[in-house]
Amino acid sequence: MPENETMTANFLHRADGSAVSPAPVNDRVVSLTAPGSVAAEQYRSLYYRLERLRDQRPMRLVAFTSALSGEGKTVTAVNLALTSARANPDRRILLIDADLRRGQVAELLAFRARPGLSELLQGDADLREVVRRFKANRLAVIPSGQAPEEPTQLLASPRMKELLRAVREGFDEVYLDLPPALPFADASILGTLSDAVVLVVRANATAGKHVHQALEHLAGSSVVGCVLNGAAAASTPYLRAYER
Ligand SMILES: Nc1ncnc2c1ncn2[C@@H]1O[C@H](COP(=O)(O)OP(=O)(O)O)[C@@H](O)[C@H]1O
Ligand SMILES: [Mg+2]
């Protein structure tokens, strides 16, 4: 890892300016901690594929979901947003943790978790209070906040629609980290409000029938593709020779 990358990673625990968390950014955030790795290269690949799709039609709001939990939605959304922010210092990029049940973005990035989307949608905080910013690369992040009693109702509320309208105006790219599609209605609701949905599938874990069911739940959303998360490095042998 080049020296300046190491420094970036070391400074991250203070990236949102709060300087309260002693925790470093999670190791899975390879786009920051190991930008020369095979894994980080995969996120760059994914990012450029999305860019090619953007050549064909506008895709300002891109949402990530999966059939069930633990498949890698959050890790993928965080790394993709960071990859894009790194590639486009001039674009205004926002990552929203819309998993109000089990939001993990703040933890991965070692940001203060509250107030976040939940407080914003309940009228207990305004937009300025809930947006954290990386000093390193200007990515803006809205954490999920405290888990509310009725997450689906909040996400389906007019306030959420209003927020999405506002962030469409205020940002060039918005990434939404959603809950899993099978157990809850949240992903299908927010999927239809997004320009594109990416379905994360955990290699050697997600059952094929669950992928099909998730796609059925997402009917009405524009599912642009799948990310196979956690595939063995042996399945990308052409990259191994370049590993740093
Ligand atoms: N490619 C991967 N290799 C190893 N561990 C991973 C990988 N992707 C995700 N994980 C781990 O699996 C767990 C679930 O990932 P996460 O992104 O939180 O899933 P989801 O958001 O779909 O629930 C986390 O502990 C994460 O660090
Ligand atoms: Mg998650």
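Begin this tour of a predicted model by selecting Asn204, which counts as exposed because 8 C-beta neighbours lie inside 10 Å, and a residue is exposed if there are 12 or fewer. Asn204 sits in the loop between strand 6 (196–202) and helix 11 (208–217). Its backbone deserves attention: Asn204 is not a glycine, yet phi is positive, at about 60 degrees.

Next, select Ala110, found in the loop between helix 5 and helix 6. Here too is a residue other than glycine with a positive phi, in this case near 55 degrees.

Finally, select helix 3 (residues 38–56) together with helix 4 (residues 73–87). Two packed helices are described by the angle and the distance between their axes. The axes of helix 3 and helix 4 come within 9 Å and cross at roughly 75 degrees. The two helices are therefore roughly perpendicular to each other, since angles of 65 to 115 degrees count as such.

To view the contact, show Tyr43, Arg44, Leu46 and Tyr47 in helix 3, which meet Asn79, Leu80, Thr83, Ser84 and Ala87 in helix 4. The residues of this contact comprise five nonpolar, three polar and one charged.

Note on methods. Residues numbered from 1 in each chain as written. Chains lettered and ligands numbered in written order. Predicted model: local features only at pLDDT ≥ 70, side-chain atom pairs only at ≥ 80, totals over all residues. Helix = DSSP H or I, 4+ residues; strand = E, 2+ residues; numbered from the N terminus. Buried ≥ 20, exposed ≤ 12 C-beta atoms within 10 Å, placed from the backbone. Axes fitted to C-alpha atoms, helices over the stretch in contact; angles between N-to-C directions. Parallel < 35°, antiparallel > 145°, perpendicular 65-115°, else oblique. Contact = placed C-beta atoms within 7 Å. Nonpolar A, V, L, I, M, F, W, Y, C, P; charged D, E, K, R; others polar.
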